[in-house]
Every structure is written in C-alpha cells, then in structure tokens.
Amino acid sequence: MRTNAVNTLASVRNLGILAHVDAGKTTVTERILYATGTTHKRGEVHDGTTVTDFDPQERDRGITIFAAAVSCAWDGHRVNLIDTPGHVDFADEVERSLRVLDGAIAVFDAVAGVEPQSESVWRQADRHGVPRIAFVNKLDRAGADLDTAVASIRDRLHPAPLVVQLPIGAEDAFRGVVDLVHMRALTWDEAGEAMAEGPVPEDLREEALRRRRTLEETVAELHAGALEAFCARETLSSTTLSSTTLSSATLRDALRDLTHTGDGVVVLCGSAYRNRGIEPLLDAVVAYLPSPADVPPVRGVSAEDETAEKQPTERPADPNAPLSALAFKVNATPTGRLTYLRVYSGTIEKGDTVWDATAHRAERVGRILRVQADRHAQLDRAVAGDIVAVVGLKSAKAGTTLCDPHAPLVLEPPSAADPVVSVAVEARRSTDTDRLATALARLAEEDPSLVVRTDPETGQTVLSGMGELHLEVAVEKIRRTHGLEVAIGRPRVAHRETVVRGVKGHVHRHVKQDGGAGQFAHVVLDVEPLHPEPGGTGFEFRSTVVGGRVPQEYVRAVEAGCRDALAEGPLAGHLVTGLRVTLTDGATHVKDSSEMAFRTAGRAALLSALRASAMAILEPVADVTVTVPEDAVGSVLGDLSARRGRVTDSTVRPGTAVVTATVPLAELFGYATRLRGRTQGRGTFTARPTGYAPTPAGTPTR
C-alpha cells in the first residue's frame, strides 16, 4: 500500500530543545508534553519527576545529561522532540541530535540572556543549518526583561530577532502575552491551566501597535514578498500607529520563509515553570519550523561497490523511495539494545532486512518503537521523516547508515569531537578486570565521545572524554549499572631518559667460566646524544670496528644487547631514547665467544656507560591552541605560564584571540575545566602531542 507522502510529511516536525544549562529546557519539554495531553501531570526537575530526565544521575544532579527523545501531537501534527543537554561536557550529545533534526527551539533565560553554552549550541545549529525559533523563558523572575534578552541575542548571536509577542505584566505579575501577528491578548489563570484569548489591553495597545509596526518593517527589509505587500499597502493608504500594514497571513508566511532560510529568528516569550506561553510556542513550531518535506533531500554517496568511485546521491523525503536512515544514538537497556534512527527516505517495517552500509553487513529489524524517553510504544513501520528506535541491530552504532540492500547509500555521520580530559580507571578487585573491560566497551559504544585505551607503556586503562563531569558521570554509570567498584586516578605520563653528555671509549669485558664452555666478549663503546638539544627521540647503532676484530654476527648481537639496555634508564627506570651508540673495538675468544656472550656484554656495557654519562629526564609535551574571548587573554596567558607553558604564537581575530603554546602533558590534566571557568565557558582548546622536552629537574646529573 502506498503512503500519502505529502500529507504525512507536512504534518511532522522534528525538533530539538537547545539552551545553556538551567535555562529551562527540560521544563519547556515537560510543559509541551503536558499541553499536548501526552502526560497528565506536570513533571518538575526539582522533584525528579520529569519524563525526559529519567536517568537516576540526571534526577540526582538536576541537569540533563543524555539526549532524550519524546513524541507528541499538536493541532494535527506529529512533533518528535529531543531534549538535549545544556552542559558543555555533553556537547557531543547535542551534535549528534542536531545532525538528524529539521528545526530547534532555542531557550534563553529572560534574566541572563545569551549565556556561554547558548552561544555554543547556536553555533552548532549554524553549522548544521538547522532553522530555529527562540523562546525567552522565566519572564516571571525578578529582573526578567524581554528587550534586554533580545538585545543579547542580536549582539552575541547576530541573527535578526523577529519578536512576535509582548509580555503582559512583569516579573511576578507576568500573566500573558500580546500576539503581535494576530493582534490579540493571550492570558493564563494563576495555575497556568487555562488560556484565554481576548482583545489587546487598552494600556498596551499603543505599544503593541508600535512593536507590530517595527516587526513589519524588519520583515519587509528581509523578505521580498513582504516588502512588495508593505509598499503596496503604504501607497494605498497612509498607515498610522492605529493600524497595521501587512495582513496576518502575509506576515506569518514571511516569518516562516525567514525562519527556513535562517535570515531571521522568531522570538516568543513566557514562563515554562508557570505553564504560560507554551500553547503559542507549539503554534509557532507548527507555523514556522520546517517539516521533512521542506528541507533539502538528504545527500550521501553511493555504496554499491567498495572499489568504485563514490558518487554523490540525493534521496528525497519520500516513503516510497529506497530506504535511507541514520543511527544517531545507541542505548543498552535491560530489555535489549536500542538504536535510535532518523528515517530520511523510504519505509522500514518490523522484520525487514536492511543493509548496514558502514559495516557492510545485513541486519534484521526485530521491533520498531515510538520513543517516550524511557518508555516505548511498538510500531509496525516507520516512514520518511520519523525518529524511532529499533531493536535487533547487532553492529549499528552512532553514525551508521541503514539503507535498502538493493540501493546502498552512505550518509555523512555526526562528527565526534576529540576528547580533552582523561582519567586512569581500574577495578578495585582484580577478579572484576574483565567485567570492567566489558563495561567500558559498552560505554564507548553508547557514547562515541568517550575513548577507552590501554597505555602501552604504563599499562593503565585510560578513559578520555569531554570534561571532568563527563568522566564522572561515565564512571558513576559503571558503578550503578554494572555493580563494579572502580578506582580512578590521574593518568601517569610516560617519561623518557636521554643522554645529555656521553662517554667515549667505554670498555666492558664479559667473562664467565663455570665449567664447560665459558662466555667471553670484549666491547668498547662510544655513547653520545643523537640530537644537539635534549628532547629528541630515537636510537642509532653503528660499528666502526676494522680488521675483523668483532665478526659481523657478534656486532648484531651487541646491537641487540644495547637495545635491551634501553628498557630501563639509570635515573628512574624510564625508557632511554635520543642517543647514538658506536662500537669502536672489541675482542673475541676462539672457544668461549658466542652471540649470547656479546649480547650480554652489549647490554651490560651500555648500562654502565649510561651510568657514567650525564643524563636527563624527558616529559611528553603537547602543542596547545587556545581560542578565547579578547577580554580573557591575560588570564589565560597567566594560567599557561603557571602550567610551565611556553607561548609560541598569539593571533587576534575579531572578538577572539588564538594563543598557541607548548605545554607539558602532565600539566593539561584538569585544564579544560579551568579554561571554562576563566572564560565563562567560552574558551576552547585543542592539544596535539608533539614529543618530549627536559623536565625542570631533568638537568644533567653529572
């Protein structure tokens, strides 16, 4: 049976809630669920009764940690909603969500305006080209001011704010809004349960008309069709503050077009906690944000033949087209492995076999679920435009493309940021080591921004993530979900030892006689730094022996023995690097010399030569690039200096400064949190290990 694609797609809205932490995202989501009849009781963050913050850690901490998907219906439309985290440590969750959304509601605090993470998620939405509307929340708070919040949006985010509402009452007296598009008043009772529509209050009528006029002029400047209508009406009659120029329908259509193109951002206001302003917000979602049919066809590359050249391919949002879907989240639950999908084209039914174009294997869809945070409703099928979860996929992970086996396609996966903070993790009981490895692997599967590795030198299991809170949540999840006692600590950095000043003509004679064939080897070594300045790595061995005094097979044995000696330096037992060893002379015995004897002699000779040399300890260093607001440069430079950083470059751009420095890796632990604190969350940095440098205590020992 064919699906009526146009009607179905036009009535779907896939959107996310974006904001700084504590701006009220989750409360807005809860009130949307309540207003649409999806829930019958208001969930409260402070009571731990919200639908979307269902994880025990979210309820304990009072913040959103994991992106949660819910679905509801409003005015004949299906609204698929993702409540995203607001804390900077969980920005990767926002990134994966934005990859599959068609629109977003950006929530701002009416007192604080644009906050640091508001700016970050706005830029993320810019990168993905996601249309947004803005909701200025908490108008009932002391100090709340819509105009100030809108000014911060204009100044810091640089869109054209299109304010379509005027508050009725201020702070505690806030009780409703004037709808400037339809020129009507919307008010709520004290409990926020009932909304009443009426005429604009007389004391606000003049101000409302002035703001409507400002809105029309701004829209006419940005929208050609609105400008034409505006000029035509202006020509026919002289418009005064007592009337409007554009019709409500013309204004609404222009606002929709400007939202889709990103040339303007519709701004609404209210108080989610008091349940005031939610119904107009939902009306704005339906009126202004795009449906799957309004966004461009999804683009990917053909994957019919791994060896053939990849051809760009587009798939329209049509349920009758070949299937293409993107997995953006994986969650392991007690009832099975859930894979969250955005279906871009085609139809997927329970029991279907689909092609995992990323892993190049077939997968069977066991069940399809409509997600309500931690609750699910079974579906028989999902069509283009849907966001659903499926059960039964074994290899799919975030970024996996699922498609029709006969029309393979690979979609661009969400980008994953490089981790910036690491901790060492180990099980308190040695018997739990294997269980910990399994738990860490599952964590990394669910959250691609977590990276688990084993340091080949220290042997530590290192867990890396986007911030200290991110890692704290991950470790706590291991404790709660898997019942493991876990010890965490600061990762050890792998130091090295190097030669600063070597020795020449160092003689070592290896003689061993304990009955039977003995061992004899005589070697003379020169040891010198491999690089002019301490900090270089590598090892070089050469032989200048002449006259066959040491046969070639014994020369190779001496080199092997020297390499054995590099495993443990004389200062602190670290690996030795950055030196050149030259075998200058030696002697053999007709019966007692052997490869084993010369290998032993080479090892012992280099060990004693290193003890006689001037040595230094090296520490790993990284090139760090820090991007901060101009007003925070001094604080950041001081902090880098305190961390023994050496600034190598500094560039000033409009509004920001970029500082490049070489910093010891050991000093970067905890730097992400410190940088965010010094820059109000607006500073970012990248670190790239570049080699080794002498430690302050690593001066020559002899």
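**View A. Helix 15 (residues 633-642) has the buried residues Val633, Val636, Asp639 and Leu640.** Buried means under 20% relative accessible area, exposed over 50%, and partly exposed in between, with a 1.4 Å probe and protein chains only. Helices (H or I, at least four residues) and strands (E, at least two) are DSSP runs, numbered from the N terminus. This is a predicted model: local features need pLDDT of at least 70, side-chain atom pairs count only at pLDDT 80 or more, and totals for chains, interfaces and linings use all residues. Residues are numbered from 1 along each chain as its sequence is written, and side-chain values use heavy atoms, with hydrogens and water left out.

Look down the axis of helix 15: its buried residues fall within an arc of 130°, so they line one face of the helix. The arc is that of the directions from the helix axis to the C-beta atoms. What do these buried residues pack against? Their partners are strand 35 (614-629), strand 37 (656-664) and helix 16 (671-678). Contact means heavy atoms within 4.5 Å. Gly634, Ser641 and Ala642 are exposed, on the face turned away from the buried side of helix 15. Arg644 follows helix 15 and has a positive phi, near 65°.

**View B. Helix 4 (residues 91-98) packs with helix 5 (residues 116-128).** The angle is about 30°, and the axes are 10 Å apart. That makes the two helices roughly parallel. Axes are lines fitted to C-alpha atoms, for helices over the stretch in contact, and angles run from 0 to 180 degrees between N-to-C directions. Angles under 35 degrees count as roughly parallel, over 145 as roughly antiparallel, 65 to 115 as roughly perpendicular and the rest as oblique.

Helix 4 passes helix 5 in a right-handed crossing. A crossing is left-handed if the near helix is turned anticlockwise from the far one by less than a right angle, and right-handed if clockwise. Which residues of helix 4 make the contact? They are Ala91, Val94, Glu95 and Leu98. Helix 5 contributes Gln117, Val121, Gln124, Ala125, Arg127 and His128. By class, this contact has five nonpolar, three polar and two charged residues. Ala, Val, Leu, Ile, Met, Phe, Trp, Tyr, Cys and Pro count as nonpolar, Asp, Glu, Lys and Arg as charged, and the others, Gly among them, as polar.

**View C. Helix 11 (residues 433-446) and helix 12 (residues 468-482) pack at an angle of about 120°.** Their axes are 11 Å apart. The two helices are therefore oblique to each other. Helix 11 passes helix 12 in a right-handed crossing. From helix 11, the contact uses Arg435, Leu436, Ala439, Leu440, Arg442, Leu443 and Glu446. From helix 12, it uses Ala474, Lys477, Ile478 and His482. Sorted by class, the contact has six nonpolar, one polar and four charged residues.

**View D. Leu323 sits in the loop between strand 13 (312-315) and strand 14 (324-333).** Is Leu323 buried or exposed? Leu323 is buried, because its relative accessible area is 6%. Leaving aside neighbours within four places in sequence, its contacts include Arg315, Val343, Ile348, Leu402 and Cys403. Lys591 is 268 residues from Leu323 in sequence, and their C-alpha atoms are 78 Å apart in space.

**View E. Ala609 lies in helix 14 (residues 595-612).** Its relative accessibility is 0%, so Ala609 counts as buried. Residues up to four places away in sequence aside, Ala609 touches Val503, His506 and Val527. Pro570 is 39 residues from Ala609 along the chain, with 9.9 Å between their C-alpha atoms.

**View F. Thr695 lies in the segment after strand 38 (684-694).** Thr695 counts as buried, at 13% relative accessibility. Not counting residues up to four places away in sequence, Thr695 touches His495, Ile617, Leu618 and Glu619.

**View G. Asp75 has a positive phi of about 55° although it is not a glycine.** Most residues other than glycine have a negative phi. Asp75 is in the loop between strand 2 (68-74) and strand 3 (77-83). At 59% relative accessibility, Asp75 is exposed. His360 also has a positive phi, near 55°. Where is His360 found? His360 is in the loop between strand 17 (353-356) and strand 18 (361-364). With 34% relative accessibility, His360 counts as partly exposed.
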